[in-house]
Amino acid sequence: MQNFLLFILLIIATQIAAQDPTANYPIYTGNDLGLTYTAKGSTFKIWAPTASAVRINLYKSDMGGDLYRTAALEKTLNGVWQITINENIKDQYYTFQVNINGVWSAETLDPYAKACGTNGVRAQVINLRETNPVGWEKDQSPAFSNRNLQTDAIIYELHVRDASIHPNSGIKNKGKFLGLAESGTKNAAGFSTGLSHIKELGVTHIHLLPFYDYNSVDETKQNQYNWGYDPVNYNIPEGSYSTNPADGKQRIKELKQTIQAIHSNGLRVIMDVVYNHTALTQQSNFNVFAPDYYYRKRPDGTFSDASACGNETASDKAMFRKFMLESVLYWVKEYHVDGFRFDLMGIHDIETMNLIADTLRKIKPSIVLYGEGWTAGGSPLSDDKRALKKNASMLKGIAVFSDDMRDGIKGSVFNIDDRGFATGKIDNAESVKFGVVAAGQHPQIDYDKVNYSKASYTSSPAGVINYADCHDNNILWDKIALSYKDATEKQRIKMHELAYAIVLTAQGTPFLTAGSEFLRTKYGVENSFNSGDSINAINWSLKSKHFATYQYLRTLIAIRKAHPAFRMQTAQQIAQYLLFQSDLPKGVIGYTINGAAVGDTWKKIWVGYNGNLTAEKVALPAGNWKIASIHSQSSLVGNQLIIDGSSAVILYQ
C-alpha cells in the first residue's frame, strides 16, 4: 500500500513538472542576493538555477566606455552563483550575462540591484551609507493621529514631476525629487505650492506614483513624461527625478532628502509599487536569469496577461514571493517609506500579500497598505487565491479601492456620459451609502441596489479606500464637465465639492487626487500616462482661482482629523452607531453618528448629502443642532434644514 501511494505521488509530481518545468527549481532562502559591499571586497550573488555559466562585466562609466574586466561566477547551492572581488571597486558599474543552453544572454542587471547609472543600463557598486543625508539616522515617521490607524490616514495621490514642473509652481528643482523637498514655495499670487501646500491642506500621507526605475523615460533627454507603471529596476529610484541620473548615489540621496523633508513637515510617504508585471517580458532581468520562472503561463506555454501589459508575475512562486517581500522591506528600512499602494493587487495571491502585511507591521505597526482589488484581464491563478476586492475580508489590514463608491459618486469611469449621485443621478444613492459604511455589513444597506458589489466585502473599515478620482480615467473636474455638459460652472463646482464631501465624511480611508482640491483639469484627456506636462502639470494658479473650494476641502479634512466618529475602527461600531434617516426626500442621504459612543467630543453628528440640483427640506432628529459645515445657500432653523442642491451638510450636538 505504501509503495502504491508513493507511486501515485510520483505520477502527480511528474504531471505538475510537465505542466510547469520550473516547479522543481531549487529555492534559495538567504537574504543576501545581489551585492554585498565592503571596502575590502564586493560579493555578488545571483539566482540562475538553469545556467551553465555566469559572468560579471565591470565598467568605469555608466554608459559607453570599454569593458575593463570580466570574471566568472562560481555555482553554489540552490541555484545561486557567486563571486567575491577582493578589492575596493566602489563607484564602478557592472552587468551580468548568463549562459543557458549554450547561449550567452545580453548584458543585464540582476533583479536585486540597488543602484544604477543612466537608464539602468549598468548597476553601480556603492556604499549605501554615503547616500544618507545629514540627520538621516534621526529621521522618523511622524504620527498621523494619536492612534496611527489606517482609518486615520488621509491620502493625497501625487506624481513627482506634476507637483513642481509648471512655470508658476515657484519651485526651483522642477520635476525632480528635490522639488518636493522645497518649503515656502508660492505661486504668483502668494499662495503656497508644493510641499507647503500639502502640509497646509492637512492630509496625512503623500502617495507618490511609481518612483522606482522605470522603462519609458529616456534619462538622457529633457521633458520626457510617464506615470511609471512599467517597472525595470524595482529597488532603484527613477533617474529622471534626479539631478544626475549617471550617479547612482545621487538619485538615492536626493530621494532620501525628499522623504526626510516630507517627514519633517509632519507628512508620511506611500510608495506606489507595480510588482504585478514587468515592462519587459522575454528580456526582463527576471526572465534572463531564470527563464519562465517568475511569470505565470497559459496551458499553451504563452505568457498570461492579467496586467494587460504583456505578462503577469507569479507571486505564488517562492522566489518571486521572496523578492516582493525583500523589496518592500528594503524600501521601508533603507528609505523610511511609510506605506505601499499595490497596482493591480488582484494579480497577487492572498498568502503573499498577508505575509507582506504581517512582516511589515512587525517593524512599522502604523504602515498603510492598500491596492487595486482587480486585474486588467484573466489569470490562470484561481479567483479564490487572489487579492481581489471580493476577497478583501481575507486580507490582513490591506485595503482595497472602492469602485462602488467612486462610480456611485460620479458615474462609470468607462462611460463618459454616465453620471453619479453627486452629478444628479440620485438612483446611485445606495452605492454611496455602501461607501459611507466602508463596504461592510450594515442592516440599512439594500445590497441589491449597489452598483457592482451585491454583498459586503470588508471585515473592518480599514479594508477600504474611498475616492472620487485618481490618476486613472478622467479627473473629477473633467468627468463632471464631460458627463453634464449643460451644467453651469457654478453647478459643476458644487457637484465637485459634494463629491469630495462624501469621500471625506465616509467611514474607511479617504483618498484625494493632487490638485482636485482646486478643480484641477487634464483638459479632457482620459488616460494621461504619457501626455506630457501640458496636460499633467499641476497649474498652481488654479489654487488662487478656486480658493473657496480649496478652503472647503481643507475644512472637511480638519473636521475629519478632529473627530474620531468619522474614523470608526470596527464594522460593528459602524453598524451600531451610524444610522441612516429613512424619512428623507428622494435624492437626499442623511445619517446620524453616535459620537459619544466612540469617544467624540460631538455627542451626536448628522451628515446630509443632497444629490438633487434643487434644494430640499429635511426634518432633523430631535435635539439642538449646531452647524459644522454648510453650503451658503442652505439654512437651519430649529430642526428644519433646507439643504441646497448638490451640497453637503455636517451638523452636531
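This is a predicted model: local features need pLDDT of at least 70, side-chain atom pairs count only at pLDDT 80 or more; totals for chains, interfaces and linings use all residues.
The buried residues of helix H9 are Ala-429, Glu-430, Ser-431, Val-432, Lys-433, Phe-434, Gly-435 and Val-436. H9 spans residues 429–436, and since 8 of its 8 residues are buried, the helix is largely enclosed by the rest of the structure. What, then, covers the buried residues of H9? The cover includes helices H8 (403–410) and H11, together with strands E18 (464–467), E20 (578–580), E21 (588–594) and E22 (604–610).

Most residues other than glycine have a negative phi. Ala-438 sits in the loop that links H9 and E18, and it is buried, with a relative accessible area of 2%. A second residue belongs in this part of the talk. Asn-473 is not a glycine either, and its phi is positive, at about 60°. Where is Asn-473 found? Its place is the loop between E18 and helix H10 (476–483). Asn-473 is buried as well, its relative accessible area being 15%.

I now return to H11, which was named among the elements covering H9. Helix H11 (residues 489–505) packs with helix H14 (residues 547–562) at an angle of about 15°, and their axes lie 10 Å apart. Angles under 35 degrees count as roughly parallel, so H11 is roughly parallel to H14. The crossing of H11 past H14 is right-handed. On the H11 side, the residues that meet H14 are Ile-493, Glu-497, Tyr-500, Ala-501, Val-503, Leu-504 and Thr-505. Their counterparts in H14 are Thr-549, Tyr-552, Leu-553, Leu-556, Ile-557 and Arg-560.

The largest nonpolar core holds 135 residues. Which residues have the most contacts inside it? They are Trp-47, Leu-158, Tyr-275, Trp-331, Phe-340, Phe-342 and Tyr-609. Helix H6, at residues 318–335, gives the most to this core, with 11 residues. Leaving aside residues up to four places away in sequence, Trp-331 touches Phe-211, Tyr-212, Tyr-234, Asn-235, Ile-236, Pro-237, Leu-255, Met-271, Tyr-275, His-336, Val-337 and Phe-340. Apart from this core lies another, of 26 residues, among them Val-54, Ala-71, Ile-83 and Ile-100.

Phe-340 and Phe-342 lead us to strand E15, residues 339–342. Are the faces of this strand covered or open? Both are covered: Gly-339 and Arg-341 are buried on one side, and Phe-340 and Phe-342 are buried on the other. Strand E14 (residues 268–273) runs parallel to E15 and is joined to it by 4 bridges, with Ile-270 opposite Gly-339. E15 also pairs with strand E16 (residues 368–371), again in the parallel sense and over 4 bridges. In that pairing, Phe-340 stands opposite Leu-369.

I turn to an antiparallel sheet. Its 4 strands form an open sheet in the order E1-E2-E6-E5. E1 and E5 (74–75) stand at the edges with a single partner strand each, so one side of each is left without a neighbour in the sheet. Strands E1 (residues 34–37) and E2 (residues 42–47) are antiparallel and pair over 4 bridges. They form a hairpin, with 4 residues between them, and Gly-34 has Lys-45 as its bridge partner in E2.

Finally, I come to a sheet of 3 strands, open and antiparallel, in the order E23-E26-E25. Which strands stand at its edges? They are E23 (616–619) and E25 (635–637); each has a single partner strand, so one side of each is left without a neighbour in the sheet. Neighbouring strands here are turned by 20° against each other on average, direction ignored. E23 and E26 (residues 640–643) run antiparallel and are joined by 4 bridges, and Ala-619 has Gln-640 as its bridge partner in E26.

How values were computed
Residues are numbered from 1 along each chain as its sequence is written. Side-chain values use heavy atoms; hydrogens and water are left out. A nonpolar core is a set of buried Ala, Val, Leu, Ile, Met, Phe, Trp, Tyr and Cys residues joined through side-chain atoms within 4.5 Å. Buried means under 20% relative accessible area, exposed over 50%, partly exposed in between (1.4 Å probe, protein chains only). Helices (H or I, at least four residues) and strands (E, at least two) are DSSP runs, numbered from the N terminus. Contact means heavy atoms within 4.5 Å. Two strands pair if DSSP finds at least two bridges between them. Axes are lines fitted to C-alpha atoms, for helices over the stretch in contact, and angles run from 0 to 180 degrees between N-to-C directions. Angles under 35 degrees count as roughly parallel, over 145 as roughly antiparallel, 65 to 115 as roughly perpendicular and the rest as oblique. A crossing is left-handed if the near helix is turned anticlockwise from the far one by less than a right angle, and right-handed if clockwise.
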